[in-house]
Amino acid sequence: MSSLTASEIRFQSIFSFFARAKSSPNYRKRLAIHYLKCKGDTLNRRDQKGFSEWIHHLFLQVPFPVEYIAGQPYQSAAEMTEDVRLTGVLKISTDFNDPVVLSREDNLLYRAIHDSHHILGGWDFSWEGELAACQYFCSLTNNRLYHRILFSELILQAAAYLYLGDFPQEQKLVLTLPY
């Protein structure tokens, strides 16, 4: 399957895919298989730089200090929310930080932004919670390429995880979606 160019992505809204993924377990499976079978896409330097700058801008809006640690600090979103409420600090794991879109440092900022959305929105780490947090993340920009990046990084990878029972061996950017 060929990847979409930035101009083609601009004309296709991601939000209908959220509704479909939310309402159809079969579509979630199709998303997982699509992610696993697709060749990874790449971004040009301009799009990579723009996405990175947007992440830096959003990180400045995270409403609590962030601490980066080895290991997995939380077993659930409820535990994460309670810990942040008690300590005022959000802990972000540095484990498995081999991103394909961002630098390692920027990917940690990205993780903090995403986890802060789980806390602020009250969304757990379930499929539905990931869909809600990703949809909120997408609502922070009109850039449809960024929507596709977020959908790949959060939803397609989550679908693959649920399908396999573990994280896929290869992390990649997939800008296309099955219909």
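User: What are Phe-51 and Trp-54 called, buried or exposed?

Analyst: Both Phe-51 and Trp-54 are buried, a term for under 20% relative accessible area, with exposed meaning over 50% and partly exposed in between (1.4 Å probe, protein chains only). This is a predicted model, in which local features need pLDDT of at least 70 and side-chain atom pairs count only at pLDDT 80 or more, while totals for chains, interfaces and linings use all residues. Residues are numbered from 1 along each chain as its sequence is written, and side-chain values use heavy atoms, leaving out hydrogens and water.

User: Why is the pair of Phe-18 and Phe-151 called edge-to-face?

Analyst: Rings of Phe, Tyr and Trp (its six-membered ring) pair if their centres lie within 6.5 Å; planes under 30 degrees apart count as stacked, over 60 as edge-to-face and the rest as tilted. The centres of Phe-18 and Phe-151 are 5.2 Å apart and their planes stand at 75 degrees, so the pair is edge-to-face.

User: Why is Phe-18 called buried?

Analyst: Its relative accessible area is 0%, so Phe-18 is buried. Phe-151 is buried as well, with a value of 1%.

User: What makes Phe-51 and Trp-54 a tilted pair?

Analyst: Their centres are 5.9 Å apart, with 45 degrees between the planes. Together with Tyr-110, Phe-137 and Tyr-146, Phe-51 and Trp-54 form one aromatic cluster.

User: How many aromatic pairs does the structure hold?

Analyst: The structure holds ten aromatic pairs.
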